[in-house]
Amino acid sequence: METSIIRKNTSLSEEIITVLNQQIAVEAHSSATYLAMSSWCHLKGYIKSGEFFRHQSEEETVHKMKLFDYILDMGAQALAPEVQNVNNYFDDLKSILDNFLEMEISITNRFNKIAKKCLESGDFQTFSFVQWFLDEQKEEEDTARRTIEIYELIGIELDGLYQIDKAIGKLIPQP
Ligand code: OFO
């Protein structure tokens with residue numbers, strides 16, 4: 001007979017568990033999208049940008065697991081996400097960079113909403129947990145903006161696209 005040792009008590013509300021699980025799915029979707037961008041970049045010869053987006057994809061997986069572990073540590077059920085509707089086709093490098101910034105801004109907005117919900121429901125523990133993501137989003141948005149600035153500053157005349165690719169590669173954090 002199966003032993004049933006289920007943690008029956010969690011201080012997390014159903015509403016907070018739901019939004020955190022939804023965020024796990026968003027991080028998984030971002031990770032898959034950045035992997036698709038990495039593949040497209042490699043295919044088109046933007047090798048450094050490909051490495052950059054692979055790194056971004058791995059970062060999103062770390063975020064996903066951070067949320068997953070927090071829910072488990074709090075005694076609730078973390079849900080393995082389904083990843084659907086991942087776009088693998090892009091027009092050009094610029095559209096990828098624009099998409100990257102839009103996605104990061106939308107993730108910041110999501111975390112602001114989660115933080116607001118935590119405050120409204122008096123869940124200061126999750127509010128404190130979410131601060132890490134808000135700090136991280138400041139960096140991620142800044143990096144995404146920088147890629148667009150690099151694109152616009154260098155421009156695509158002559159060997160511009162080659163130089164842009166090289167400069168984007170330099171944005172990969174060094175260990
Ligand atoms: Fe770049 O977003 Fe995760 O959290």
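Student: How many salt bridges does this predicted model have?
Tutor: The count comes to eight salt bridges.

Student: What makes K94 and D98 a salt bridge?
Tutor: Their side chains meet at 3.1 Å, N to O. The cut-off is within 4 Å, so the pair counts. Both residues lie in helix 3, four residues apart, about one turn of the helix.

Student: And why does K94 with E152 count as a salt bridge?
Tutor: The closest N and O atoms are 3.8 Å apart, and the limit is 4 Å, so this pair counts too. K94 sits in helix 3 and E152 in helix 4, so the pair ties together parts that are 58 residues apart in sequence. K94, D98 and E152 are linked in a network of salt bridges.

Student: Why is K94 called buried, and what is E152 called?
Tutor: K94 has 19% relative accessibility, and buried means under 20%, so K94 is buried. E152 has a relative accessible area of 54%; exposed means over 50%, so E152 is exposed.

Student: How do you know whether Q56 is buried or exposed?
Tutor: Its relative accessible area is 5%, and the cut-off for buried is under 20%, so Q56 is buried. Leaving aside neighbours within four places in sequence, Q56 is in contact with Y34, F100 and E140.

Technical notes
Residues numbered from 1 in each chain as written. Predicted model: local features only at pLDDT ≥ 70, side-chain atom pairs only at ≥ 80, totals over all residues. Heavy atoms only, no water. Buried < 20%, exposed > 50% of the residue type's maximum accessible area, 1.4 Å probe, protein only. Contact = heavy atoms within 4.5 Å. Helix = DSSP H or I, 4+ residues; strand = E, 2+ residues; numbered from the N terminus.
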